[in-house]
Structures are given as structure tokens and as C-alpha cells.
Amino acid sequence: MQYPLPLSPDDVESYRDLRREAVWIESMSHWSSIHGPKAVDALNGLVTNDVSQLAVGMGQHAVALTPKGKVVCDMYIARTDDDRFLLTMQRRCAPAWMELARKYINPRLATVTDESTRWATWMIYGINAVQAVANLGGAASTVENLGDVMVCGLADWPVWSHGLWNIGTGCVRLARVPTAGTIPGFMLLTEATNADLVRARLEASAMRRASRDVLTLARVEGGRPAFGIDMDENTIPQEANLDTLGAISFTKGCYTGQETVARVHFRGHVNRHLRGLVAGEPIPRHAHVLDGNGKDVGEVRSTVISPRLGPIALAMLRREVQPGDPLRVQAGEREIEARMVVLPFPE
């Protein structure tokens, strides 16, 4: 079992900035692309969402599955041209995705390319993320003449949409992403050759640089699962709430693993779901969760100590566990009292 550590003093300040202003975080995302005359059909046959419905400049959350309907990787897909898509995901699941894509996509119809070394990525999250991105801006005259328009434009961007944006004299692809849960956020993607320029602009900004621990905390509070922690190759996507997070289309055509996903949706249910736990002391990862009768009803996954909410965790719990039910987390010879909440955690 692994107990979460409290945030460092610097991270506590970053967390506070996240909830009142904005912070920036350097990302270690994996990038790949699919392009070619049949890129839409090729990608649509491998992921749970419907990429054929994406206009250029729009994106979506999606999941790649095994033939048995278990999670291989979840990802963000951005349509950058009629026949080209950019995909980003956690590095820990990228090898499995690349193997799956190269196995099932005919190279005569579409080309799968690993672009991890081509791109540099940052995240900007915070209540005032829109203003923070606009403040990075371009030349002073651009900010002076178009600042209000830029802010209004960003505020109106739909979630998962993306487009080109100037950061100083550099150009980035900017995407509006909800990967920190309920906290607004943007992803900045630029050619690796421009990385130093963009990083310098971020370092010179009024924003505080945050660690990944702060992003993890925001993700858990927002109830968003991470591959390798909250879900893995043994997880059906609905168990990790990926259907309610908008990562699954139930009207598109066939794709790898569809039979299991459709059967659960139309004719049945899953026996467990990712839920929230609140406790009075730190909750260890991998600990078993017991109900009032001592029955094992689940396992703790992501676990953090929130400056706002105290010890909280994501746990895979049996579906009969209801909000507010008294639970106990088995921590070695001790038991920690906890209660279940539906995600995301309350503001």
C-alpha cells in the first residue's frame, strides 16, 4: 500500500493559484498522428468516439480497446485537416496504442507516425486560464488592440477545440482541455525547435509553475481517471466513467471492442464504478474497501491529500455502494472510516 504525501509548501501555493488564478505545467505527453486518404475510417475503427463527426479545429476524448472491450489507452484526438489527426496520451500507454494502430491500420489507407520527438507540450490550468493564455499573447500592439477580443474568443472556445495561437514570436497549437476536471485548462503544443522560446515566455509570465502533483490533485478532485492507476487493461470503459465523460459514441459503426461496450450500454450494466472516497486521514492506494458488514466492495486507486477537502481518493467500488454509505478502508491492521461520493468531488 502507498500512502499519499501532503503537498509541499510550494505546491500548496500552486494549488491556491490554480483555484484563484492560473498555473503552468510542463507536460510529458506522447504524440502520434494518423494521416492519409482513409484516415477517418482507419481511426474510427479503433476508438470508441466518432471522429467522422469532428470538423477541422475540433477534438474529442476517446478510448482504444482490446477486442474484448478492455482499455488499452485513452487519448485526446484533434482533427487538424480533412485527412490528418493528432493524438496525445500518457506515455505509459503509448507503446500499446502504437502497436494496436500499426497492427490494424493498413498503411496503404493511412499512415501512423510517432511524433513524440517533434512536439513540446505545456498545460495552463486555473480559474483564470483564459486570461492567463491571452496575457502570453503576441507583440504589445497586438495585446493592446486585440486583447479583449482574444479573451472573449478564448472564453467561447468549446471544450476540446483547438487552433493556432501566437505566444510571443512563436506559434503554438492551443487546445481547450478539461483534463484537470472542473478547473478550466488549455494545452499548448509547439514544434520542439520553438520549445525554448515558449518556455521562456511562460517563465517570464505572472503564472506560477506547478508540479505534476498539483495536476494530479486537480485531476482527482475533478474525478478524471488516469491510465495505469485508476484503469488498466482489465477495465471496461464504463467502469471508469468514460461514457459519462463523453469518450464513447453509442451511434457510430463498428470498432475494436465495441461488442462489450454496446452490450453493457444497451442490455446490462457494469458491476463496479469509479467513485470518490472522503476520509479523516490519508487513504492508502491499493487498500481494500469494506462496507458496514465487512464485505469487500472495492479497491482504492488514486489517492491525495487536498488542502481544501482533506484526504480523498478514487476507488473502484461495487455498484451497490451508494453515496454517503459508511465505508472502511483496510490499511494493514487498521481501518480508516470513509464515505463514498459521486464524482466529481464537491466544489
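I began with the largest pocket, which holds about 1,100 Å³ of space. A pocket here is an open set of points on a 1 Å grid over the protein atoms alone, with protein on both sides within 12 Å along at least five of seven lines, and lining residues have an atom within 4 Å of a point. The volume is the space filled by probe spheres set on the points, with a 1.4 Å probe.

I noted that this is a predicted model, where local features need pLDDT of at least 70, side-chain atom pairs count only at pLDDT 80 or more, and totals for chains, interfaces and linings use all residues. Residues are numbered from 1 along each chain as its sequence is written, and side-chain values use heavy atoms, with hydrogens and water left out.

Which residues sit closest to the pocket's centre? Of the 43 lining residues, they are Gln 90, Arg 212, Thr 216, Arg 219 and Ala 226. Helix H7 gives the most to the lining, six residues; helices (H or I, at least four residues) and strands (E, at least two) are DSSP runs, numbered from the N terminus.

Next I looked up the open sheet, where five strands run in the order E3-E4-E5-E2-E6 with antiparallel pairing. Two strands pair if DSSP finds at least two bridges between them. Strands E3 (59-65) and E6 (111-114) are the edges, each pairing on one side only.

I then followed E3 to strand E4 (residues 71-81): the two are joined antiparallel over seven bridges. What is the bridge partner of His 61 in E4? I found Tyr 76 there.
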